Amino acid sequence: QVQLVESGGGLVQPGGSLKLSCVASGIIFTYCAMGWYRQAPGKQRELVATITNVGRTNYADSVKGRFSISRDNSKNTVDLQMNNLKPDDTAVYYCHDERGDYWGQGTQVTVSS
């Protein structure tokens, strides 16, 4: 049974930072590219960042220079470090197994003063 479990969301002020984590089980993690996506109210789900099984990364233009994706294959985890957060970053953030197309349940990030 595949499970992707996100954590680390919350409320933060503009300019602040948060780190999201996703723990994967039931997949051969070292074979899988992983991604973070987000969905804001009334909008479509969009790509935030991806990382291949060997660590090659890709970012949406809107988060380049502010967000960083990383993975630890020994722990089956993929993290998203988010810095200099803006109100437009408010969304539910989802972890995604790019290979098997599995999704986590999502974690809410709210950026507001």
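**Charged and aromatic side chains**

Glutamate 46 is partly exposed at a relative accessible area of 35% (buried is under 20%, exposed over 50%, partly exposed in between; 1.4 Å probe, protein chains only). This is a predicted model, in which local features need pLDDT of at least 70 and side-chain atom pairs count only at pLDDT 80 or more, while totals for chains, interfaces and linings use all residues. Residues are numbered from 1 along each chain as its sequence is written, and side-chain values use heavy atoms, with hydrogens and water left out.

Reader: Which side chain does glutamate 46 meet in a salt bridge?

Author: A salt bridge is a side-chain nitrogen of Lys or Arg within 4 Å of a carboxyl oxygen of Asp or Glu. For glutamate 46 the N to O distance is 2.7 Å.

Reader: How many salt bridges does the structure hold, and how far apart are the closest N and O atoms of lysine 64 and aspartate 61?

Author: The structure holds five salt bridges. One of them involves aspartate 61, which is exposed at a relative accessible area of 63%. Between lysine 64 and aspartate 61, the closest N and O atoms are separated by 3.1 Å.

Reader: Which parts of the chain does the pair of arginine 66 and aspartate 89 link?

Author: These two side chains meet in a salt bridge of 2.8 Å, N to O. Helices (H or I, at least four residues) and strands (E, at least two) are DSSP runs numbered from the N terminus. The pair links distant parts of the chain, 23 residues apart: arginine 66 is in the loop between strand E6 (57-59) and strand E7 (67-72), and aspartate 89 is in the loop between strand E8 (77-82) and strand E9 (91-97).

Reader: What is the nearest side chain of opposite charge to aspartate 97, and how far away is it?

Author: Aspartate 97 is found in strand E9. Lys and Arg count as positive and Asp and Glu as negative, with His and the chain ends not counted. Aspartate 97 is buried yet has no salt bridge, and the nearest side chain of opposite charge is arginine 99, at 6.5 Å.

Reader: Which backbone nitrogen does the side chain of aspartate 97 reach?

Author: The distance to that nitrogen is 3.1 Å. A polar contact is a pair of N or O atoms within 3.5 Å; within protein, one must be able to donate a hydrogen and the other to accept it, and residues adjacent in sequence count only if both atoms are side-chain atoms. The nitrogen belongs to glycine 100.

Reader: Which residues form the aromatic cluster?

Author: Rings of Phe, Tyr and Trp (its six-membered ring) pair if their centres lie within 6.5 Å; planes under 30 degrees apart count as stacked, over 60 as edge-to-face and the rest as tilted. The structure holds two aromatic pairs. Tyrosine 37 and tryptophan 103 are edge-to-face, at 5.1 Å centre to centre and 70° between the planes. The one cluster is formed by Tyr37, Tyr94 and Trp103.
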